[in-house]
Amino acid sequence: MTFHIETERLMLRELRMTDLEGMFALDSDPEVHRYLGNKPVKTKAESEKILESVLSQYQERGIGRWAAIEKSSGDFIGWSGIRLNTEYNMNGFTRYYDVGYRLMKRYWGKGYATESGKAAVDYAFNHLNLPVLYGTTEMGNEASHRALLKIGLTYVEDFYFEEEQLNLRWYTIKNPNT
């Protein structure tokens, strides 16, 4: 899969095994995982498995999260994009597309989640012709809540995610073209 979208400040492309160092830096940070169940990875092997999972999603589902690269520096800052979720029963849904992002702490508060998220929604609706997207945040994650709203999603309800024992918020956005 070769994928490339540019926004004003970011390049979004497919994740690659060469992103391993960046993925490990991202997912080993306890602050990044504060609202993700507090389970940061401990080894590069764990990050490698995550990357392999995304690469297989590209093959099997035609979509997966994308590397977010800051244009001005060329730095890997995290990931963003669309994913077809089939692994979890999330708020009663077992097969759905969601928009998400995860950024290294030093890139928080710069609008990158919103910028990359808007590009992902645009891609989902104008290239994949998806009818609807969903999003989730942990209840206390106000920054992610605000980002999803700025991207254009609407808050629907709170729910308890039994599998991870988390209190989450559920969001949706419908394709205006359908």
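**Rings, cores and a hairpin**

Let's start with some aromatic side chains: ring pairs link Phe93, Tyr96, Tyr134, Phe159 and Trp170 into a cluster. Keep in mind as you look around that this is a predicted model.

How many aromatic pairs are there by this rule? The count comes to 11. Take Trp66 and Tyr123: their ring centres sit 5.5 Å apart with the planes at 90°, so this pair is edge-to-face. It links distant parts of the chain, since Trp66 belongs to strand 3 and Tyr123 to helix 3, 57 residues apart. Is Trp66 buried or exposed? Trp66 is buried, with a relative accessible area of 0%, and Tyr123 is buried too, at 18%, because the cut-off for buried is under 20%.

Now try Tyr155 and Tyr171. Their centres are 5.9 Å apart and their planes are at 70°, so they also make an edge-to-face pair. Tyr155 is in strand 7 and Tyr171 in strand 8, so the pair ties together parts that are 16 residues apart in sequence. Tyr155 is partly exposed, at 34%, whereas Tyr171 is buried, at 0%.

Four residues lie between the strands of the hairpin, where Gln165 takes a positive phi near 55°.

On to the nonpolar cores. The largest one has 43 residues, and Trp66 is among those with the most contacts inside it, as is Leu15. Helix 3 gives the most to this core, with eight residues. A second, separate core has nine residues, including Tyr96, Tyr134, Leu166 and Trp170.

How values were computed:
Residues numbered from 1 in each chain as written. Predicted model: local features only at pLDDT ≥ 70, side-chain atom pairs only at ≥ 80, totals over all residues. Heavy atoms only, no water. Pairing = 2+ DSSP bridges. Helix = DSSP H or I, 4+ residues; strand = E, 2+ residues; numbered from the N terminus. Core = buried A, V, L, I, M, F, W, Y, C linked by side-chain atoms within 4.5 Å. Buried < 20%, exposed > 50% of the residue type's maximum accessible area, 1.4 Å probe, protein only. Phe/Tyr/Trp six-rings, centres within 6.5 Å; stacked < 30°, edge-to-face > 60°.
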